[in-house]
Amino acid sequence: MTAALRWFGFIQSSHLPLSELLRFILFANFSIVGMNVSLMWNSVGFYQIAKLSMIPVSCFLEVVMDKIRYSRDTKLSIAVVLLGVGVCTVTDLSVNTQGFIAAFIAVWSTSLQQYYVLHLQRRYNLSSFNLLGHTAPAQAATLLLLGPFLDYWLTNKRVDTYNYNLVSLMFIILSCTIAVGTNLSQFICIGRFTAVSFQVLGHMKTILVLIMGFFFFGKEGLNLHVVLGMIIAVAGMIWYGNASSKPGGKERRSLSVPTSRQQKHASFSDSNEHDGSV
């Protein structure tokens, strides 16, 4: 797909250092593997809790790395989103040691990967398409080489011995097509906003999954408890959008210290104002 985008002119020639590319691929691959292993080894409830913890981790990275400061309303709106999605999705919370380790790796690697999407776009002046053109082929190649071995180690099943048929191939192609759109939308959204905003928006996906489950599979998974969680989550998302867009809702802290010349100029201005008032 990146080759096709390059052919049609959506991806232009650009530069991304090899060290940065390898670091991004490391985070992205650990994210994919970690998420799948976390879902395999943990209960669905704990898996959802791990996914919810990505927002606080992403906030922590922005505060530490970019010196971002959040207003009280922005923090509270994020908490409301987490509460609503938690009410919707979290049921059992059984956890084991290997599952916890997998979830920990998944959460931190995913948060770092999403932070790096914005970091690389800004630092090297890359568009979403250009960054995807650098990272997607390299990431696909590494997963193609390492994936089958890792899959066999985790499941004791070989990919090449699977009984492929027309239906399974159609679903694989459909899954890959959707994945292309998912990756592209992630790069565009994070490049336009931030990783935290993408995480908050991403939980709308959880709400849509529950609603689609109601339409396709009946009322089994949709009860008053889940509906209440949906309403809380959507209200939190609207509040977050409003709070973060206000002045001071989410801003970079300035750590600059005034120079002596600036201080002299300020004192001179103060004296002039004092003389004028007299």
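The legends below accompany an overview and several close-up views of a predicted model.

Figure 1. When contacts between residues at least 6 apart in sequence are considered, 85% of them join residues at least 24 apart.

Figure 2. Helix H3, which spans residues 44-52, is mostly covered, with 7 of its 9 residues buried. The buried positions of H3 are Gly45, Phe46, Tyr47, Gln48, Ala50, Lys51 and Leu52, so that, with buried taken as under 20% relative accessible area, Lys51 is counted in this group along with Phe46 and Leu52. The buried residues of H3 pack against helix H2 (18-41), helix H4 (54-66), H5, helix H6 (97-123) and helix H9 (195-217).

**Figure 3. Close-up of the packing of helix H5 against helix H10.** The axes of helix H5 (residues 72-89) and helix H10 (residues 224-245) come within 7 Å and cross at roughly 160°; because angles over 145 degrees count as roughly antiparallel, H5 and H10 are described as roughly antiparallel to each other. The crossing in which H5 passes H10 is left-handed. On the H5 side, the contact is formed by Asp73, Thr74, Leu76, Ser77, Ile78, Val80, Val81, Leu83, Gly84, Val85, Val87 and Cys88, and these residues meet His225, Val226, Gly229, Met230, Ile232, Ala233, Gly236, Met237, Trp239, Tyr240, Ala243 and Ser244 of H10. Divided by class, the contact of H5 with H10 has 16 nonpolar, 7 polar and 1 charged residues.

**Figure 4. Close-up of the packing of helix H9 against helix H10.** Helices H9 and H10 pack at an angle of about 155°, with their axes 10 Å apart, and H9 and H10 are therefore roughly antiparallel to each other. The crossing of H9 and H10 is left-handed. From H9, the residues in this contact are Val196, Ser197, Val200, His203, Met204, Ile207, Leu210 and Ile211, whereas H10 contributes Val226, Met230, Ala233, Val234, Met237 and Tyr240. By class, the residues of the contact of H9 with H10 divide into 12 nonpolar and 2 polar, with no charged residue.

Figure 5. The crossing of H4 and H6 is right-handed. Met54, Val57, Ser58, Phe60, Leu61, Met65 and Asp66 make the contact from H4, and their partners in H6 are Ala106, Val107, Trp108, Thr110, Ser111, Leu112 and Tyr115. By class, the contact of H4 with H6 has 10 nonpolar, 3 polar and 1 charged residues.

Figure 6. Lys67 lies in the loop between H4 and strand S1 (68-70), where its phi is near 55°, a positive value in a residue other than glycine, and Lys67 is partly exposed, with a relative accessible area of 30%. Asn156, in the loop between helix H7 (128-155) and helix H8 (166-192), likewise has a positive phi, near 60°, and is not a glycine; Asn156 is exposed, with a relative accessible area of 62%. Ser127 is placed in the loop between H6 and H7 and is partly exposed, its relative accessible area being 29%. The C-alpha atom of Ser127 is separated by 7.9 Å from that of Gly191, although the two residues are 64 residues apart along the chain.

Methods. Residues are numbered from 1 along each chain as its sequence is written. This is a predicted model: local features need pLDDT of at least 70, side-chain atom pairs count only at pLDDT 80 or more; totals for chains, interfaces and linings use all residues. Side-chain values use heavy atoms; hydrogens and water are left out. Axes are lines fitted to C-alpha atoms, for helices over the stretch in contact, and angles run from 0 to 180 degrees between N-to-C directions. Helices (H or I, at least four residues) and strands (E, at least two) are DSSP runs, numbered from the N terminus. Angles under 35 degrees count as roughly parallel, over 145 as roughly antiparallel, 65 to 115 as roughly perpendicular and the rest as oblique. A crossing is left-handed if the near helix is turned anticlockwise from the far one by less than a right angle, and right-handed if clockwise. Contact means heavy atoms within 4.5 Å. Ala, Val, Leu, Ile, Met, Phe, Trp, Tyr, Cys and Pro count as nonpolar, Asp, Glu, Lys and Arg as charged, and the others, Gly among them, as polar. Buried means under 20% relative accessible area, exposed over 50%, partly exposed in between (1.4 Å probe, protein chains only).
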